Amino acid sequence: MIIFIHNRSMREKVRFSLIAISLFCTFTTASAQQVTISNNLLYDAALTPNLRVGFRLSEHWSAGLMAGYRPWPTDDYKERKWKHMLLSPNVRYWKDSVNVHHFFGMNLLYSHYNIAKVHMPFGMYKKLRHERRQGDLYAIGGYYGYSWPLGRHWNFEPYIGVAVGFTTYNRYECGHCGEKLGRGHKWLVLPQAGLNIVYNIPGRPARAVIADTPLPDLDLTPTPQPKPFDPIVRNVPEFSGRAGQLQNDNPVLAHISQYKPYDRTRILRKDKNALYVHFPVAKSELQYDFRNNGQVLDRIVDITRQIMADTTSSVKLIQIVGLASIEGPTSVNEKLATDRALALQHYIQQQVEVPDALFDTVGGGEAWAEFRDQLESRVESRESRVEELQQAINIIDSESDEAIRERKLRQLNGGRTWEYIKEHILNEQRNAGYIRIYYDYVPDNAAKTINEANELLTTDCDDCHQEALRLLQTVRNDERAQNALGVALWLCGQQDEALDCFRRAAANGNEDAKTNLENLLK
């Protein structure tokens, strides 16, 4: 982009630049808590060795100096030249933290250059293809970048920006001759881009100063040592969306992994989490004010509506099983059970826009499995008519034809047992049956990352702590990560940032962070 000149004045400028870089590095290494050294791979690709030294000023600010030097070709008689030296002091503002993530930068650029017979990209500066120019460039620019942690001390930083500058130069006829054609100046707009590999130098304690004055008398009495920091970290629950929250108070909700297709041997009444809507005898019209239907229907509609409106969870399936009692012709009861299930589906769709594909609506026919289980429960509880009810169970188990089975039950004990069954048992079978809502949610990868880091933080392994910090940096904007991030930063020697994380988590009500902060401030 910018070129180097080959003469005595240039050598003096290079010598001055090296002295400036050396002083800058000495100052930053001695005074900064965190020093970084980086190399721009794009600049390397242009055969220009380069280096940037940066240091932190505060939590959100850093400064640095970048230098690049391309001495090739060393043979002055080469027609094609692209020599240059570049110096660029810069300052950055880090939106999240000085260590990682978004940053915005401003920089000054100075270059001394010698360029000839070069085809610039995008057709820029076409006159350089036929003559040589050497001179100085001054510019100011801005850029945006992002930083990813790659390991314990390494980061990767791509950035892009633009600079506006002014250059003055001498023009020469050829790449090696000294015949001067004239002098010129020009305003330029220069693109800026980089792919930086960054090494973070850990902070070092200041060196001790040895004085010639005698040492004072020392009190050698042992002083109590503070207790070591014993951090508190605990796993965070995965967020299962609005559906997961609703499930706490609405057991009718279940994750889709718990879904089971219906078959007629299944006893639905044992699932206490299901909801039921009831119908009058031999009817399939859904009545809102019949028994407790209104309360149940409102609950189903409200739950479905909330999940359908949520972006982190979704209704995957609404399972409805229509049932009919065992009395009456089998063919009639089959149709009645199916119509009851469909009536409930249509009611839900009238209240909430739910496509047919989300319904698993089946007619369960006559509820013989439910009926037998009800008889068995009464026998086990030793209620009245135990012997008669056991006889009814024996008829169900021994007779496979449902029509003959019902006729034998009606005739049992001269019809007395049947009258008892109709009054105390069959009334509960006249309903639309089993209703469950199954949901799914977006996987909470942040919680998994935090919990994985927590496991590493509970060890005494320094490398594990560094790995935990790397993981937590990827979810540092999640409020649930702040306490664990504070612990990781503290264990890795970054106390100031650790305290900031603890304060942020404590302000959001994290009790573990409050305890950790109190223990450290003691």
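This is a predicted model: local features need pLDDT of at least 70, side-chain atom pairs count only at pLDDT 80 or more; totals for chains, interfaces and linings use all residues.

Me: In which helix do Glu419 and Lys422 both lie?
Reply: Glu419 and Lys422 are three residues apart, about one turn of the helix. Helices here are DSSP runs of H or I with at least four residues, strands are runs of E with at least two, and both are numbered from the N terminus. The helix that holds both residues is α9 (residues 416-424).

Me: How far apart are the closest N and O atoms of Glu419 and Lys422?
Reply: Side chains of opposite charge can pair when their charged atoms come close. A salt bridge requires a side-chain nitrogen of Lys or Arg within 4 Å of a carboxyl oxygen of Asp or Glu. Glu419 and Lys422 form such a bridge, and the closest N and O atoms are separated by 3.7 Å.

Me: Is Glu419 buried, partly exposed or exposed?
Reply: Buried means under 20% relative accessible area, exposed means over 50%, and partly exposed lies in between (1.4 Å probe, protein chains only). Glu419 has a relative accessible area of 45%. Glu419 is therefore partly exposed.

Me: How many residues apart in sequence are the parts that Glu334 and Arg264 tie together?
Reply: The side chains of Glu334 and Arg264 meet in a salt bridge, at 2.7 Å from N to O. Glu334 belongs to helix α5, whereas Arg264 belongs to the loop between β9 and α4 (293-308). The pair therefore ties together parts whose separation in sequence is 70 residues.

Me: Which strands stand at the edges of the open sheet that four strands form?
Reply: The order in this sheet is β9-β12-β10-β11, and the pairing is mixed; two strands pair if DSSP finds at least two bridges between them. Each edge strand has a single partner strand, so one side of each is left without a neighbour in the sheet. The edge strands are β9 (253-255) and β11 (359-366).

Me: Which helix packs on this sheet?
Reply: The helix touches β10 (313-324), β11 and β12, where contact means heavy atoms within 4.5 Å. Its direction makes about 155 degrees with that of β11; axes are lines fitted to C-alpha atoms, for helices over the stretch in contact, and angles run from 0 to 180 degrees between N-to-C directions. The helix is α5 (residues 330-351).

Me: Why is strand β1 largely enclosed by the rest of the structure, and which strand pairs with β1 over six bridges?
Reply: Strand β1 (residues 35-40) is largely enclosed because five of its six residues are buried. Four bridges join β1 to strand β2 (residues 50-56), and these two run antiparallel. The pairing over six bridges is also antiparallel, with Asn40 opposite Asn196. That partner is strand β8 (residues 180-201).

Me: What distance separates the C-alpha atoms of Asn170 and Lys180?
Reply: Asn170 is found in strand β7 (residues 154-172) and counts as buried at 15% relative accessibility. Beyond its neighbours within four places in sequence, its contacts include Arg132, Gly182 and Lys180. Asn170 and Lys180 are ten residues apart along the chain, and their C-alpha atoms are separated by 7.2 Å.

Technical notes. Residues are numbered from 1 along each chain as its sequence is written. Side-chain values use heavy atoms; hydrogens and water are left out.
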